[in-house]
Amino acid sequence: RAVKPTGGAVELLFLRRRGERLWEVLAKPSARLREGMELRLARGTELRLARGPAAAGAPFSLKRGLGDGRWLLKNQSGIETEDLLEQVGEMPLPPYIHEKLDEPERYQTVYASETGSAAAPTAGLHFTPQLIERIRGAGITLAPLTLHVGLDTFRPVSEEQLELHRIHKEQYAMPARTREAVRRTRRRGGRVLAVGTTTVRVLETVLAEPGEKSSAEGTEATVEPSGVFQGETDLFITPGHRFRAVDMLLTNFHLPRSTLLALVMAFAGIDETRRLYREAVRERYRFYSFGDAMLLL
């Protein structure tokens, strides 16, 4: 939470690193922000270095507007941004959650290991360490991957034609052993379960055949020395998509006119998805992040 030179409050959501001490942020409200404007922390908030106080002056400056409320921001505090956020930041919650969580880790999966996502993959919130052990005990292989979810995944579809909607690129990382486990499972007639729509997007991006349209533009992955596929995907899965990697899907209930619902319709079929959602509404299933989940087999 920051303050403009005029004293007006502004909330900064840090989305991704863009360079040395440069970050892409979502600023609210952003209507009267200007390039070059410096932002201070809210009154009563103090930053401290490991040795002594932080640099004097405003810790942030706005470098350039990126559109849609997003700004390129420079951290000029003298503290690494991740450390700064650990000191004074708050767990970013969806706008429909109006109270702070007593236990912020509840809005996080138990298997999360990297920072970088603008939101938690909510299908994973249903898992506990005990449930994961039961799954392993049943002989099911668990394979990790990462997609740093961006805000565009949640932006409503405003185009009249679904295909005209654009999803901005999101970073992903998939260990080579995960890709091989998926391929090996499918070769021997096994089935692959994706936990959440974010997992579907990474699997369908990395395992798409070379040159196939479903792999989306600009999603070429590089293989790190550690054996991890790193890349970005702007894959927008809509009805008609041919699934190459995923056989089953565990997902929460999503809102109308969302890219997430379009993906579910692509997987289950448009009419079947509408039937399932009618039942969910009738039975008063819970939607949103802490809502119920459905398993599509």
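In the protein chain, residues 24 or more positions apart account for 64% of the contacts with a separation of 6 or more; a contact means heavy atoms within 4.5 Å. This is a predicted model, in which local features need pLDDT of at least 70, side-chain atom pairs count only at pLDDT 80 or more, and totals for chains, interfaces and linings use all residues. Residues are numbered from 1 along each chain as its sequence is written, and side-chain values use heavy atoms, leaving out hydrogens and water.

**Whole chain**
- The protein chain has 6 helices and 13 strands, which are DSSP runs numbered from the N terminus (helices: H or I, at least four residues; strands: E, at least two).
- Of the 297 residues, 42% are buried (buried is under 20% relative accessible area, exposed over 50%, partly exposed in between; 1.4 Å probe, protein chains only).

**Helix H5**
- Helix H5 (residues 259-268) is largely enclosed by the rest of the structure, because 9 of its 10 residues are buried.
- The buried residues of H5 include Leu260, Leu263, Met265 and Phe267.
- Their cover includes helix H4 (197-206), strand S12 (248-252), helix H6 (270-282) and strand S13 (293-296).

**Residue Glu99**
- Glu99 is located in the loop between helix H1 (81-88) and helix H2 (129-137).
- Glu99 counts as exposed because its relative accessibility is 65%.
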